[in-house]
Every structure is written in C-alpha cells, then in structure tokens.
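Hi there,

Here is the structure I promised to pass on.

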Amino acid sequence: MNIEIKERNGSIYGSLTGWIDTAVATQFLEDLKPLMLQADRSIELDCKKLEYISSLGLRGLLQLKKESVAKGGSLVLTHVEGEVLKIFNLTGFFKLFDIR
C-alpha cells in the first residue's frame with residue numbers, strides 16, 4: 001500500500017496504490033492524518049492502482065469523508081474499479097462517496 005499526495009492550486013490530489021488490508025490498515029490510517037488536518041480543502045483520491053480495500057480501509061476513507069464534511073471541504077474518489085468497486089457496492093459505500 002502506498003499513498004502519494006500532491007498539492008495543486010489549493011487542492012490536494014492523492015493516489016492510492018496496492019492493497020489496503022488488515023496488515024497495513026493501521027499505517028493507512030496514520031497516512032490519512034495529514035489529509036484529515038487539511039480536510040477543509042478539496043481532496044481527490046485516485047483509486048486506479050488500488051487493488052483491494054478492507055473494512056478498516058473503508059473506515060479510514062469514511063473518517064476522512066466525515067472530517068471533510070465537518071470542515072466544509074470535499075472528498076472525491078476517482079477510478080474506483082474492479083475488485084475495489086465490487087467492495088464499495090457490496091458494502092453500500094458507493095452511495096456514501098462522490099465517485100467519478
């Protein structure tokens with residue numbers, strides 16, 4: 001699992017790569033902390049290279065979404081495809097996020 005974060009024109013762009021499973025979920029939640037602090041801004045996370053996400057990974061994204069709403073920011077997920085899309089659909093998380 002890897003998160004790459006860049007800032008452009010006041011917005012934050014990130015890309016998620018690999019597997020977010022139980023083994024790396026704690027690190028994933030830690031890696032999201034800088035985004036939580038900047039949740040008042042527009043955040044876009046590209047999931048094109050994300051191969052799998054566990055319930056703990058979904059929890060982290062949900063926390064980021066809640067923080068964005070609370071701070072007046074926004075969170076967009078792009079390229080949610082394949083196995084990850086199936087997981088979002090099965091869990092109902094597809095309805096909770098702005099997915100493009």
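Predicted model: local features only at pLDDT ≥ 70, side-chain atom pairs only at ≥ 80, totals over all residues.

Residues are numbered from 1 along each chain as its sequence is written, and side-chain values use heavy atoms, with hydrogens and water left out.

Back to valine 80, which sits in the loop between S4 and H3. Not counting residues up to four places away in sequence, valine 80 touches Cys47, Leu85, Phe88 and Ile99 (contact means heavy atoms within 4.5 Å).

Now the overall fold. The chain has three helices and five strands, in the order β-β-α-β-α-β-α-β along the sequence; these are DSSP runs numbered from the N terminus, helices being H or I of at least four residues and strands E of at least two. The chain is as compact as a globular protein of 100 residues, because its radius of gyration is 12 Å, close to the 13 Å from the globule rule (radius taken over C-alpha atoms; the rule is 2.2 Å times the number of residues to the power 0.38). Along the principal axes, the C-alpha trace spans about 30 × 25 × 20 Å. Of the 100 residues, 36% count as buried. Among contacts with a separation of 6 or more, 70% are between residues 24 or more positions apart.

The largest nonpolar core holds 24 residues, of which Leu45, Ile53, Leu61, Leu64, Leu77 and Phe88 touch the most other members. Such a core is a set of buried Ala, Val, Leu, Ile, Met, Phe, Trp, Tyr and Cys residues joined through side-chain atoms within 4.5 Å. At least two core residues come from each of S2 (11–20), H1 (25–37), S3 (42–53), H2 (55–71), S4 (74–78) and H3 (82–91), and S3 gives the largest share, with five. Ile53 touches Ile20, Leu58, Leu61, Val84, Ile87 and Phe88, leaving out residues up to four places away in sequence.

Then there are the rings. The structure holds four aromatic pairs (ring centres of Phe, Tyr or Trp, the last by its six-membered ring, within 6.5 Å; planes under 30 degrees apart are stacked, over 60 edge-to-face, the rest tilted). Phe88 and Phe93 pair edge-to-face, at 6.5 Å centre to centre and 90° between the planes, whereas Phe93 and Phe97 are stacked, at 6.1 Å and 20°. Phe88, Phe93 and Phe97 form one aromatic cluster. Phe88 and Phe93 are both buried, and Phe97 is buried with a relative accessible area of 7%.

Finally, threonine 78 in strand S4 is buried at 8% relative accessibility. Setting aside neighbours within four places in sequence, threonine 78 is in contact with Glu44, Leu45, Asp46, Cys47, Lys48 and Arg100.

Enjoy exploring!

Best wishes

Conventions: Buried < 20%, exposed > 50% of the residue type's maximum accessible area, 1.4 Å probe, protein only.
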